[in-house]
Structure formats: structure tokens, C-alpha cells
Amino acid sequence: MGESTQLSEALRRDDPPGQSQYQRISQKMLDISGDRGVLKDVIREGAGDLVTPDASVLVKYSAYLEHMDKPFDSNCFRKTPRLMKLGEDITLWGMELGLLSMRKGELARFLFKPPYAYGALGCPPLIPPNATVLFEIELLDFLNSAESDEFCALSAEQQDQSPLQKVLKVATTEKELGNYLFRQNRFYDAKVRYKRALLLLRRRLAPPEEQHLVEATKLLILLNLSLAYLKLHQPTTALRYGQQALIIDQKNAKALFRCGQARDFLVRAQKEQPFNHDINNELKKLASYYRDYMDREKEMCHRMFASHENGSTVG
């Protein structure tokens with residue numbers, strides 16, 4: 001939020017007689033509530049669609065009281081801001097209205113009058129009564145999770161009647177939510193989202209000409225699940241999902257790498273518990289799969305060279 005330095009510079013200027021700092025800057029701000037209760041000034045334009053109601057938003061913000069150089073509230077010090085859902089996690093009406101007017105990447109400054117902020121009572125001892133507050137908000141990203149939540153609440157029969165594109169969209173949204181949770185090191189929660197997406201795809205019977213769309217989405221989710229289980233120190237499950245990814249794409253480098261990582265975990269576990277039946281069985285399965293994979297590779301290479309030699313003879 002480098003542009004936010006403009007705030008302190010703007011507020012340091014001498015106020016005209018009879019005008020406060022906020023009164024002065026409000027004159028050039030856009031009224032987005034219809035009663036001048038929420039005013040907006042765009043510092044940096046965003047792109048794409050507006051935030052949708054019930055979306056989950058990823059924002060950086062700083063909140064100021066008038067005549068204060070330092071914010072009374074900010075999440076800018078966090079390495080990864082928390083994903084917040086409109087209507088649930090955001091309690092200020094003004095902030096919710098402001099976010100609904102924003103696009104991804106946008107940085108804006110807002111003034112919230114008391115009815116849209118902390119009300120007539122304020123929030124003692126930090127927020128005085130009837131306080132107008134200034135928020136600087138940067139919208140990093142948002143996900144429309146409402147559609148996904150509504151779809152997952154449907155019965156299995158209702159889901160089966162939905163168009164394939166709808167199912168793919170919901171599965172992708174769940175995957176993206178899982179990715180965000182993963183980046184926050186919330187691996188268990190991420191795994192739950194990935195499995196939710198995978199279940200939707202596994203239940204879906206697509207026509208042959210569209211099955212490749214389902215498989216492509218499923219592949220990405222299986223790779224993410226494998227990594228999530230590695231982070232949860234469950235190499236056996238990680239290996240299983242990695243192998244399922246290889247069934248879809250035998251040469252997928254990430255899937256091979258995930259299986260290799262899982263094998264390393266299992267080898268280390270075997271050293272600690274050399275007679276553990278489950279660990280030894282999984283290592284045997286991995287060795288068998290690797291042999292099958294190498295046999296297929298050899299057969300493919302043999303066919304390629306045979307075809308080349310036949311072509312050269314004819315030429």
C-alpha cells in the first residue's frame with residue numbers, strides 16, 4: 001500500500017478556517033451510500049468484476065481516527081491477511097458497502113460516518129462516540145464462495161441435474177479456497193476443501209467428449225491433495241493421491257515428484273519402524289508401480305524407434 005503515504009501528506013496540510021481534515025478531503029470524495037454516509041476516493045484503479053455479495057475477500061486495510069497519524073486498526077503487518085466473508089466476518093456496514101464497490105487490485109480511501117462505523121456510542125476506550133473514521137482498503141482478491149456454498153447444500157440428485165460447467169466452476173472455487181488456506185499453512189482446512197471438490201467431480205458422469213474437462217480439473221486437485229497430506233505428515237495418503245494423479249497423466253512431473261516425496265517419508269518411517277506392516281506394504285506398492293511405469297516407458301520408446309526405423313527403410 002505504497003500509495004497510502006498520500007494520506008499522511010494530505011492530512012498534514014493546513015485546514016481552511018472552520019473545516020476539519022475530514023471535512024476537507026470529503027469534498028472530493030464520491031458518495032456511494034446515497035446519504036454521504038460512505039464516501040470513496042480511488043487511489044489506484046482495479047480490474048475485472050465488482051465484488052459480489054457474500055464473496056470471501058482478501059484485503060489489506062488501515063483505519064484512522066481524525067487527527068491521528070497512526071492507525072487504530074490495521075492488518076498490513078500480517079504476512080498473509082485472513083480471508084473474510086462478507087456478511088459474516090466484516091462487522092462494519094460501511095466497510096461492506098465499500099468493498100462491494102471495489103475491483104481486484106483496487107486501492108481506495110473511505111470515510112465512514114458513525115451510522116456506518118461504530119455508531120453513537122463508539123467503541124470505548126479506543127473509538128470515541130459519534131466518530132467518523134477513515135479506512136484505506138486494498139482489495140487483493142476475492143472469491144465468490146456463495147455459489148459454491150449453495151451448490152454443496154443441494155441434494156445429490158439436484159447436483160447431478162446441474163450443467164457440467166456449473167460443477168466445474170464450483171469445484172474450481174473450492175480448489176482456490178483450498179489454495180488460499182494452504183498458503184496460510186492451514187493444511188487440514190485446505191485438505192477439506194480439496195476433498196470437497198474431488199467428491200463433486202467423482203460423482204459426476206460426464207459425456208465422453210467432455211470427460212477430459214473433468215479429468216483436467218481432477219488432476220490439479222489430486223496434486224494439491226497429495227501435497228496437503230505430505231504437509232500433514234501422512235505420506236501413505238499422499239502417495240495414494242499422487243498415484244491417482246498418475247493414472248490421469250502418467251508423465252506428470254508434479255505427480256512423480258509427490259510420489260517420490262511420499263516414498264522418502266516412508267523410507268524414513270521404515271527406518272524407525274522396520275517391521276511396520278502398513279509402511280512395508282506401501283513401499284512394495286510404490287516399487288511395483290515404479291516397475292510398471294518403467295516398463296511402459298521402455299515399451300513406448302521401443303515403438304518409437306521401431307516406427308522410425310521402418311520409416312527410414314521406406315524412405
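Does aspartate 54 count as buried, partly exposed or exposed, and at what relative accessibility? Aspartate 54 counts as partly exposed because its relative accessibility is 39%. Buried here means under 20% relative accessible area, exposed means over 50%, and partly exposed is in between, with a 1.4 Å probe and protein chains only.

## Before we dig in

This is a predicted model, where local features need pLDDT of at least 70 and side-chain atom pairs count only at pLDDT 80 or more, while totals for chains, interfaces and linings use all residues. Residues are numbered from 1 along each chain as its sequence is written, and side-chain values use heavy atoms, with hydrogens and water left out.

Helices (H or I, at least four residues) and strands (E, at least two) are DSSP runs, numbered from the N terminus. Two strands pair if DSSP finds at least two bridges between them.

Let's start with strand β8, residues 107-112. β8 is mostly covered, with 6 of its 6 residues buried. Both of its faces are covered: Leu107, Arg109 and Leu111 sit on one side, and Ala108, Phe110 and Phe112 sit on the other.

β8 has strand β2 (residues 38-44) as an antiparallel partner, joined to it by 6 bridges. In that pairing, lysine 40 stands opposite phenylalanine 110 in β8. β8 also pairs with strand β9 (residues 133-143), again in the antiparallel sense and over 6 bridges. Here phenylalanine 110 is opposite phenylalanine 135 in β9, and phenylalanine 112 is opposite valine 133.

β9 is largely enclosed by the rest of the structure, because 9 of its 11 residues are buried.

Most residues other than glycine have a negative phi, and most peptide bonds are trans. A few spots in this model go the other way. Aspartate 54, from the opening question, has a positive phi near 70 degrees and lies in the loop between β3 (47-50) and β4 (56-65). Arginine 36 has a positive phi of about 60 degrees without being a glycine, and is found in the loop between β1 (30-31) and β2. At 35% relative accessibility, arginine 36 counts as partly exposed.

Helix α6 (residues 164-183) has 20 residues and reaches 29 Å from its first C-alpha to its last, close to the 28 Å expected at 1.5 Å a residue. (The expected span is 1.5 Å times one less than the number of residues.) Just after α6 comes asparagine 185, with a positive phi of about 65 degrees.

Helix α9 (residues 235-248) has 14 residues, and its first and last C-alphas are 20 Å apart, close to the 20 Å expected at 1.5 Å a residue. α9 is mostly covered, with 10 of its 14 residues buried. Among the buried ones are Pro235, Leu239, Tyr241 and Leu246.

## A cavity inside

How many cavities of 30 Å³ or more does the structure hold? It holds 1, and the largest cavity has about 40 Å³ of space. Its lining is made up of Phe151, Gln159, Asp160, Val167, Leu200, Arg203 and Arg204. Helices α5 (156-160) and α7 (187-203) are the elements that give two or more residues to that lining.

For the terms: on a 1 Å grid over the protein atoms alone, a cavity is a set of points where a 1.4 Å probe fits but cannot get out, and lining residues have an atom within 4 Å of a point. Grid points are joined across faces, edges and corners, and a volume is the space filled by probe spheres set on the points.

Key: On a 1 Å grid over the protein atoms alone, a cavity is a set of points where a 1.4 Å probe fits but cannot get out, and a pocket is an open set with protein on both sides within 12 Å along at least five of seven lines; lining residues have an atom within 4 Å of a point.
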